[in-house]
Amino acid sequence: MADLPQKVSNLSINNKENGGDGGKSSYVPPHLRSRGKPSFERSTPKQEDKVTGGDFFRRAGRQTGNNGGFFGFSKERNGGTSANYNRGGSSNYKSSGNRWVNGKHIPGPKNAKLEAELFGVHEDPDYHSSGIKFDNYDDIPVDASGKDVPEPILDFSSPPLDELLMENIKLASFTKPTPVQKYSIPIVTKGRDLMACAQTGSGKTGGFLFPLFTELFRSGPSPVPEKAQSFYSRKGYPYALVLAPTRELATQIFEEARKFTYRSWVRPCVVYGGAPIGNQMREVDRGCDLLVATPGRLNDLLERGKVSLANIKYLVLDEADRMLDMGFEPQIRHIVEECDMPSVENRQTLMFSATFPVDIQHLARDFLDNYIFLSVGRVGSTSENITQRILYVDDMDKKSALLDLLSAEHKGLTLIFVETKRMADQLTDFLIMQNFKATAIHGDRTQAERERALSAFKANVADILVATAVAARGLDIPNVTHVINYDLPSDIDDYVHRIGRTGRAGNTGVATSFFNSNNQNIVKGLMEILNEANQEVPTFLSDLSRQNSRGGRTRGGGGFFNSRNNGSRDYRKHGGSGSFGSTRPRNTGTSNWGSIGGGFRNDNEKNGYGNSNASWW
Ligand SMILES: Nc1ncnc2c1ncn2[C@@H]1O[C@H](COP(=O)(O)OP(=O)(O)OP(=O)(O)O)[C@@H](O)[C@H]1O
């Protein structure tokens, strides 16, 4: 174990950071990392590779690549084929191995190596399989409201799903749809807009990708609108746009998209801030049928004329409430309302999250048309697969309580949430001093540092990740067995998302939170969450809750205390035309689109203090 830090630092992702020459940055974003380096790929993992630096490096490379047969693919795209295609020659659309020919989808040949890269192999430590509690999802009540709600599907079948997609779903070892997928697939394939709220880890990504790919695989590429064509400038004309709040989440959705577009004509791309824009522009040039983006970077590309939204058929807002919290509303409105995206009647719009505060439902009024509101379980509730524990720990005792906790039950991966960037660094340093393999992710770390931290955590090279809110949403990291709220968040929705990093896809997990007098503002929300998920409520918490309700208001809780401001139902059912001022504290955001770039500088993290290389290596 002692030589691991050395091993990892030898595996330089960014030479400059690791004491290189400090010259031109060698930083390569994760989705490009394996290009031109096929030697990093492997057809089958070797047992002895596990948890070695070499494995870590390959894994970092393995996250990347492309859909069916990328190598040699871009050349063809950049040549005549792409040009024909962009000028309306949909029947000419072709790429190596993946084709749309004369109105027909001809799936590319199978590629065992790529399959192993995309779908993983069961022996891998990061192989994600559904857990023993997967069937419990079937018992969660589902409410779908709106006009003419289509019947849910019961299993993955074709129709309604496309056959190639079915093959890819099988390769991903998904045997049956989760509740959100059961409903979203027929809703979207019937052409309806959707606002979907389902518990963390219950397959929302598939919930929007599956119907979207089914439709794209069937309909094929369409011509670029005449007026959008330009002889001089090359740009991407995606058919589907997925907006996500954070760089890591965008990358993760892109990776999922790569899986399910395997052998298809659809080429996904991802753009986010903090990574060189030139590479991203080149990727978009090569063909971009599905674009996953953070709002800041997308605005930048739109301003540079590198992307046109004229062909968008599907717009997805993932974790939409978080994007509003981060102050992205002006950028999102600019993208959706002020660029060349088809109007709400001429596209399908889908919004997904595990929490939907009332104010996000108001955005829906502008962006969605005659939509269906789908809630799986109570909006904002947590999965019963997560065992939640609340411990009373005063601030000064937190470190020793944490050590107790880790020594008693540190198995698998542990994710520790803190409120400030400074605390993330301090706590990481402290844990490293105590001989734990810890690393940190927060907004003051460079993109390369954050990716390295995440890769190390996923590969179990560092089995503790100390994180601020940046890691709270959407991240799907297999084997996270324990989430610790060292500091509780002040917003109960954040609590829901944070603990949702464990207990995913029917697996079980534990979430432990340190509570003290600074956290009174979330007592009511916490009580509701614990009761809903049939969790044990500690006596001190129920006493406090009783006291607070007798007093009417909590000390220090402000107006926030007495409301979980989730839209627990479809607000349209309750005369939703009134005044909808936001009830959530919000970063109103400035709109320096280029520099926000996906938003970790604008992400409700509390003060940090410059860069630190907090990491156990
Ligand atoms: N039908 C399925 N069968 C088995 N596993 C699935 C299925 N659908 C999704 N999964 C897996 O479940 C995990 C969680 O899925 P996903 O990340 O889409 O959840 P989510 O609902 O978006 O969570 P969050 O709210 O945290 O963003 C992923 O590892 C995914 O591969």
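A residue is near a molecule or strand if its C-beta atom, placed from the backbone, lies within 6 Å of it. Keep that rule in mind for the ligand stop below.

**Before you start**

Residues are numbered from 1 along each chain as its sequence is written. This is a predicted model, where local features need pLDDT of at least 70, side-chain atom pairs count only at pLDDT 80 or more, and totals for chains, interfaces and linings use all residues.

**Stop 1: colour by confidence**

Colour the chain by pLDDT, the predictor's confidence in each residue, from 0 to 100. The chain has a mean pLDDT of 74. In 69% of its residues the value reaches 70 or more. Now select residues 33–97, where pLDDT stays under 50. The model has 119 contacts beyond four places in sequence for this stretch. Two residues are in contact if their C-beta atoms, placed from the backbone, lie within 7 Å. Next select residues 576–604, where pLDDT also stays under 50. Here the model has 72 such contacts beyond four places in sequence. The scores of the model are ipTM 0.98 and pTM 0.74.

**Stop 2: the whole chain**

Switch to a cartoon view. The chain has 21 helices and 17 strands. These are DSSP runs, numbered from the N terminus: helices are H or I with at least four residues, strands are E with at least two. Of the 617 residues, 55% count as buried. A residue is buried if 20 or more other C-beta atoms lie within 10 Å of its own, exposed if 12 or fewer, and partly exposed in between, with C-beta atoms placed from the backbone. Take the contacts between residues at least 6 apart in sequence: 80% of them join residues at least 24 apart.

**Stop 3: the domains**

Colour domain 1 (1–58), domain 2 (141–220 + 235–376) and domain 3 (386–551). These bounds come from an automatic or database domain assignment. The centres of domain 2 and domain 3, taken over C-alpha atoms, are separated by 29 Å. Their contact takes 18 residues from domain 2 and 14 residues from domain 3. On the domain 2 side, select helix 9 (247–260) and helix 12 (320–325), which each give two or more residues. Helix 9 supplies the largest share of that side, four residues. By class, the side holds five nonpolar, seven polar and six charged residues. Ala, Val, Leu, Ile, Met, Phe, Trp, Tyr, Cys and Pro count as nonpolar, Asp, Glu, Lys and Arg as charged, and the others, Gly among them, as polar.

**Stop 4: the ligand**

Which residues come nearest to the ligand? Select F174, G203, K204, T205 and A505, the nearest of the 20 residues around the ligand. Then show helix 8 (residues 204–219), which gives the most to this shell, with three residues. The shell has five nonpolar, 12 polar and three charged residues. Domain 2 and domain 3 each provide at least three residues of the shell.

**Stop 5: backbone details**

Go to P159, in the loop between strand 4 (142–145) and helix 6 (163–171). The peptide bond from S158 to P159 is cis, with omega near -5 degrees. Step on to P160, in the loop between strand 4 and helix 6. A cis peptide bond joins P159 and P160, with omega about 10 degrees.

Now pick S173, in the loop between helix 6 and helix 7 (179–189). S173 is not a glycine, yet its phi is positive, about 65 degrees. Why does S173 count as partly exposed? Because it has 13 C-beta neighbours inside 10 Å.

End at N479, in the loop between strand 15 (464–467) and strand 16 (480–485). Phi of N479 is positive too, near 70 degrees. N479 has 19 C-beta neighbours inside 10 Å, so N479 counts as partly exposed.
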